[in-house]
Structure formats: C-alpha cells, structure tokens
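Good morning, and thank you for coming. I would ask you to keep the sequence and the structure in view while I speak.

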Amino acid sequence: MFNFIAVTLATVLIPTAPANTMLTENYSSMAAPTVYVRPSKIQTPNGSDVDIYYQDEGDLSEMDNHDALLSDYFTYADNNSYIFLKTRGSYTYNNFAYAFYMYWGGNIKCLITDINPFIEDKSFIEVSSPQPEDIIVYRTNNKPIHAGIIKSVLYEPANKDIGSNVIVESKWYPNGVFEHRGDLCPYMPKYHLLAGEPADNVVYYRRHEAHNFKVVAGSNNSTTHTSQCECGETKEESHNYNHYRRITGFKEGLMHEAYCVCGATKAERHTFATINIGTEPYTYCTKCKWSKLEAVIRPEKKEWEI
C-alpha cells in the first residue's frame with residue numbers, strides 16, 4: 001500500500017504571481033491545488049538510493065499558453081536573449097529529475113527534491129569550469145533550488161550575472177523544458193517569478209563514471225607515488241619508468257635516463273637494435289632513440305656462397 005504525502009505549492013515550486021508586470025496575469029492562474037504523490041526510490045549511477053515521488057498529470061489546458069508567455073517574457077526582457085521551448089509543460093517531473101536522472105537515460109517521470117545522494121556518492125562531482133553536459137545547480141544560501149544541463153559554454157559571458165556564460169536546458173516546473181542562457185530563467189533575481197528566494201550562486205557538477213587518476217606533484221618516493229582522481233579519491237602506484245631522455249657526456253653511448261611522470265628517475269643501459277639504411281647499418285636505442293652509424297662485422301663470404 002502506498003503512503004500518500006501532501007506536497008504544498010512551495011515544495012514543488014508552483015509559479016506564483018510574477019513580480020514583473022510584463023507577464024500577463026494569466027500566468028498566475030496556472031497554480032495547481034495541493035496534490036498527492038506516491039513515494040518510491042531510484043538509484044544513482046553509483047548505486048545509492050534516491051527518494052522520488054510520482055505525481056499524476058495536472059490540467060494542461062492552459063499549459064501551452066503559459067509556456068509561450070514565459071518564452072515571450074524573456075525574449076522581450078533581454079535584447080540579447082537566448083531562449084526557446086523544447087518540450088511542453090508537465091506536472092509529472094521536475095528540474096532535478098530531468099537534470100540528474102532523466103537526461104542520463106532514466107525512464108521514470110518523477111519528482112526529485114533531494115539531490116544530495118547523487119553528490120555524496122560521487123556520481124556527480126563539483127568542478128570549477130563548466131563544459132557541455134555538466135549540470136548547473138542554482139542555489140540560495142547554498143541550498144539547491146534548480147538545476148539544468150549545460151549545452152554549450154559561451155566564449156564570453158553575456159553580462160556580469162551568474163550563469164550568463166552558459167546555455168542551459170532545464171525544466172521550469174510545471175512548465176516545459178526550455179533551452180536558455182543560464183541567467184535567463186525564473187530562478188534568477190532579475191527575473192524572479194517563483195515562490196521562495198531567488199538564486200544567489202551557481203555550482204557545476206560533472207558526471208563521474210570512472211576514476212581518472214593523475215599523479216600528485218611531489219608525492220614520489222623511491223618506489224611509489226600518489227595518484228588522485230578529480231573526485232578526491234587517491235591511490236598509491238608503483239613508478240612506471242616509460243619515459244626516456246638522453247645523458248650527455250662520456251656515458252651517452254652506453255646509457256640513458258628513464259623517468260616516471262612523477263619525476264622519479266633511474267639510469268638504464270641502451271637497448272640497441274640495428275636496421276639497414278641503404279647499404280649502411282644504422283644502430284639506435286629503441287627507447288631513447290640515441291643512435292650512431294657503425295660497421296657490422298660479418299664473416300667473409302666463401303667463393304661458392306651467393
């Protein structure tokens with residue numbers, strides 16, 4: 001048997017009357033009554049449980065008109081606006097579900113109100129510089145209030161507002177999925193149209209599917225070094241002496257220096273191979289490529305040998 005939970009308008013961020021009168025009053029008439037949802041769970045990419053809520057579809061008779069009003073509002077509010085509707089509105093899923101679950105192949109339309117499981121198990125890790133397919137999270141007092149998928153990063157920010165350096169695809173609950181410049185959305189102070197406080201900062205998260213360990217500078221000792229993934233996890237690794245450089249001086253023809261990417265070094269003897277270039281033998285080290293031309297001593301041929 002399902003346990004039903006009442007969700008208030010503030011919980012699901014139903015639009016209230018807009019602060020800016022450029023939107024018609026019809027926009028506020030879309031506010032739905034209190035609805036009831038059925039709780040369930042999904043898993044993050046790394047296997048942690050996430051609470052989700054199923055919600056029945058609401059009255060969509062005015063949804064297309066409201067989506068159009070939103071698009072027109074931002075088009076007229078900014079001379080350099082970038083915004084268009086990709087998918088019509090729906091009460092069955094929200095921005096967190098779209099950005100952290102559905103975009104990545106999740107096939108359940110749902111509401112997600114807590115994204116911490118995705119962050120805490122490092123399914124998505126915070127990054128400082130955004131790139132396409134990162135997630136932008138809008139926050140108020142460090143509390144997430146909205147999220148979207150970054151589609152592209154602008155060469156130069158459109159203005160000094162947060163989010164103005166990226167193009168984002170996000171669900172404006174209960175309205176549709178819009179593609180928009182990051183600062184042109186109802187969650188920003190300049191265009192704040194929804195219940196609650198507007199965003200005061202943004203952070204970026206990147207899908208973390210596998211560790212990508214890189215050597216930590218200065219971590220080497222005689223046998224190992226420390227490598228660290230961008231998620232913060234570390235491991236000790238044995239040196240891998242697969243880089244080579246030549247030694248100058250009297251030992252040049254005998255040895256080269258092998259080194260690991262961490263900076264550890266050791267001297268090694270050349271590994272020589274000989275090939276013929278025309279009629280001359282060419283001898284070189286197969287690792288550091290140091291080479292010299294030298295005669296190859298061959299036994300004299302007998303008269304009857306071809």
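Isoleucine 150 stands opposite valine 168 in strand S8. This is a predicted model, and I shall treat it as such throughout. The two strands concerned, S7 and S8, run antiparallel and are joined by four bridges. Another bridge partner pair here is valine 153 with valine 166 in S8.

Let me place these two strands in their sheet. Strands of a sheet pair through backbone hydrogen bonds, in either a parallel or an antiparallel sense. Here, seven strands form an open sheet in the order S4-S9-S8-S7-S6-S10-S5, with antiparallel pairing. Strand S4, residues 83–87, and S5 stand at the edges with a single partner strand each, so one side of each has no neighbour in the sheet. From one strand to the next, the twist averages 35°. Helix H2, which covers residues 63–77, packs on this sheet and touches S4 and S9. The direction of helix H2 makes about 160° with that of S4.

I turn now to strand S6, residues 135–140. Is strand S6 largely enclosed by the rest of the structure, or largely open? Six of its six residues are buried, so the strand is largely enclosed.

Which strands pair with S6? One is S7, residues 143–153, which pairs with S6 in the antiparallel sense over six bridges. Along this pairing, tyrosine 138 stands opposite histidine 146, and threonine 140 has lysine 143 as its bridge partner. The hairpin of S6 and S7 has two residues between the strands, and asparagine 141 takes a positive phi near 50° there. Another partner is S10, residues 201–207, which is also antiparallel to S6 and is joined to it over five bridges. In that pairing, arginine 139 stands opposite asparagine 201.

My next topic is the aromatic residues. A pair of aromatic rings is described by the distance of the centres and the angle of the planes. The count for this model comes to 14 aromatic pairs. In one of them, the rings of tyrosine 93 and tyrosine 98 have centres 6.4 Å apart and planes at 35°, so the pair is tilted. Both tyrosine 93 and tyrosine 98 are buried. They belong to a cluster linked by ring pairs, which consists of Tyr93, Tyr98, Phe100, Tyr103, Trp104, Phe118 and Phe124.

Charged groups also meet aromatic rings. Lysine 171 lies over the face of tyrosine 93, at 4.8 Å from the ring centre. Elsewhere, arginine 245 places its charged end over the ring of tyrosine 259, 4.0 Å from the centre of that ring.

Finally, I would draw your attention to some backbone details. Most residues other than glycine have a negative phi, and most peptide bonds are trans. Where does the model hold a cis peptide bond? Such a bond joins tyrosine 173 and proline 174, with omega about -5°. Proline 174 is found in the loop between strand S8, residues 166–171, and strand S9, residues 177–181.

Lysine 122 is not a glycine, yet it has a positive phi of about 65°. Lysine 122 is found in the loop between helix H4, residues 116–120, and strand S5, residues 124–127. With a relative accessible area of 33%, lysine 122 is partly exposed. Lysine 289, again not a glycine, has a positive phi of about 70°. Its place is the loop between strand S18, residues 280–285, and strand S19, residues 291–293. Lysine 289 is partly exposed as well, with a relative accessible area of 47%.

That concludes my presentation, and I thank you for your attention.

Terms used:
Residues are numbered from 1 along each chain as its sequence is written. This is a predicted model: local features need pLDDT of at least 70, side-chain atom pairs count only at pLDDT 80 or more; totals for chains, interfaces and linings use all residues. Side-chain values use heavy atoms; hydrogens and water are left out. Buried means under 20% relative accessible area, exposed over 50%, partly exposed in between (1.4 Å probe, protein chains only). Two strands pair if DSSP finds at least two bridges between them. Rings of Phe, Tyr and Trp (its six-membered ring) pair if their centres lie within 6.5 Å; planes under 30 degrees apart count as stacked, over 60 as edge-to-face and the rest as tilted. A charge sits over a ring if NZ of Lys or CZ of Arg is within 6 Å of the ring centre and within 35 degrees of the ring normal. Axes are lines fitted to C-alpha atoms, for helices over the stretch in contact, and angles run from 0 to 180 degrees between N-to-C directions. Contact means heavy atoms within 4.5 Å.
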